[in-house]
Amino acid sequence: IGPFNKVKIAQLSRTSALPVNTLGLNYMGNVKAPTGLYQFGLLPEDETTQVAHQLLAQGHKKVAIVAPDSSWGRRIRDSFGNAYTRAGGKAIITINYANNSSRYADISTALAKKKNELDAIFLAASPSQARAIHPLLHGGALKSVPVYATSHIFTGLINQYKNIGLEGITYTEIPWIIEVNKKGLPQDSQYPRLRALGMDALMVVRGLSKIKGGSALNGRTGKIQVRRDGTLHRQLKWARFNGGLPILLH
């Protein structure tokens, strides 16, 4: 298992085949992987694609995209936007907010002008950004417009008081976070999603022959499947914040 670093994983592509199956904990991008190299991680594009398809499945064909003006924000914005428009949706307005700002009132003002054209809002944000921005969207003229997001809005650490700003957001979440919250298990890691990734990496190595045969593994980071190019992809659960807690949606 490993490496984790993208550069070191890319170095493995210099050979046509590896002597043993290797599970890299990241993705090389467009570099062709040698035989025996599998790539696994918390890929944001898995989540943005899932959100895009869910919005359309719910009948939300016109959305606003709100994302930070940063390399990460542009990656999330473009990944979601491309998946959404390819599937038949339309982005009515895209707002790129300053990544290091603490003032977000202009976002709600701009969206309110488009309210009658919107079915939903897709919010790309860090946990602190989401807690500051979402209350502006959840009230006033935009209160009836649902907000969707990826798991990046939430640290994964339960704090009802701190996370009340996320109230009502529908988002993708790994099963492990939902399970820990539902069962009241102790949070013994500051990075619960990375811990879940480590547990799933062991499961994938042990079940590699199964997923290579087309089956899926139900892991702590999601439902895991492998593609022909050796990349592993996840389907997450759906959750919504209620009372400052992430609640599983069935």
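Biologist: How much area do domain 1 and domain 2 bury between them?
Modeller: Bear in mind that this is a predicted model, where local features need pLDDT of at least 70, side-chain atom pairs count only at pLDDT 80 or more, and totals for chains, interfaces and linings use all residues. Residues are numbered from 1 along each chain as its sequence is written, and side-chain values use heavy atoms, with hydrogens and water left out. Buried area here is the accessible area (1.4 Å probe) that two parts lose on being put together, summed over both. Carbon and sulfur atoms carry 50% of it, and the total for domain 1 and domain 2 is about 810 Å².

Biologist: Where do the bounds of domain 1 and domain 2 fall?
Modeller: The bounds come from an automatic or database domain assignment. Each domain is put together from two stretches: domain 1 is 6-42 + 193-233, and domain 2 is 45-180 + 238-248.

Biologist: And how far apart are the C-alpha centres of domain 1 and domain 2?
Modeller: Domain 1 and domain 2 do touch, with ten residues from domain 1 and ten residues from domain 2 taking part in the contact (heavy atoms within 4.5 Å). Their C-alpha centres are separated by 28 Å.

Biologist: Which three residues supply 63% of the area that domain 1 buries against domain 2?
Modeller: The side of domain 1 that touches domain 2 has three nonpolar, four polar and three charged residues. In that sorting, Ala, Val, Leu, Ile, Met, Phe, Trp, Tyr, Cys and Pro are nonpolar, Asp, Glu, Lys and Arg are charged, and the others, Gly among them, are polar. Supplying more than any other three residues, the trio is Arg193, Arg220 and His233.

Biologist: How many residue pairs are in polar contact between domain 1 and domain 2?
Modeller: A polar contact is a pair of N or O atoms within 3.5 Å; within protein, one must be able to donate a hydrogen and the other to accept it, and residues adjacent in sequence count only if both atoms are side-chain atoms. With both residues at pLDDT 80 or more, the count between the two domains is five.

Biologist: Which element gives the most to the side of domain 1 that touches domain 2?
Modeller: Elements are DSSP runs numbered from the N terminus: helices (H or I, at least four residues) and strands (E, at least two). Two of them give two or more residues to that side, helix 7 (192-206) and strand 10 (232-235). With four residues, the one that gives the most is helix 7.

Biologist: Which residue does Arg193 form a salt bridge with?
Modeller: The rule asks for a side-chain nitrogen of Lys or Arg within 4 Å of a carboxyl oxygen of Asp or Glu, and it finds one such bridge across the interface of domain 1 and domain 2. Both partners are buried (under 20% relative accessible area; exposed is over 50%, partly exposed in between; 1.4 Å probe, protein chains only). With the closest N and O atoms 2.9 Å apart, Arg193 pairs with Glu173.

Biologist: How many salt bridges does the rule count?
Modeller: Arg74 and Asp69 make one of them, at 2.8 Å from N to O, with Arg74 partly exposed at 34% and Asp69 partly exposed at 44%. Another joins Asp78 to Arg77 at 2.9 Å; there Asp78 is partly exposed at 36%, whereas Arg77 is buried at 18%. The count comes to six.

Biologist: What do the buried residues of helix 6 pack against?
Modeller: Helix 6 covers residues 175-183, and its buried residues are Pro175, Trp176, Ile177, Ile178, Val180 and Asn181. The buried set packs against strand 7 (170-173), helix 7, strand 11 (237-242) and strand 12 (245-248).

Biologist: Which residue's backbone oxygen does the side chain of Thr22 reach?
Modeller: Thr22 is in strand 1 (residues 17-24) and is buried at 18% relative accessible area. Beyond its neighbours within four places in sequence, Thr22 is in contact with Gly2, Leu12, Gly36, Leu37 and Tyr38. At 3.2 Å, the backbone oxygen its side chain reaches belongs to Val20.

Biologist: Is the peptide bond from Gly2 to Pro3 cis or trans?
Modeller: Pro3 is placed in the segment before helix 1 (6-11). With omega near 10°, the bond from Gly2 to Pro3 is cis.
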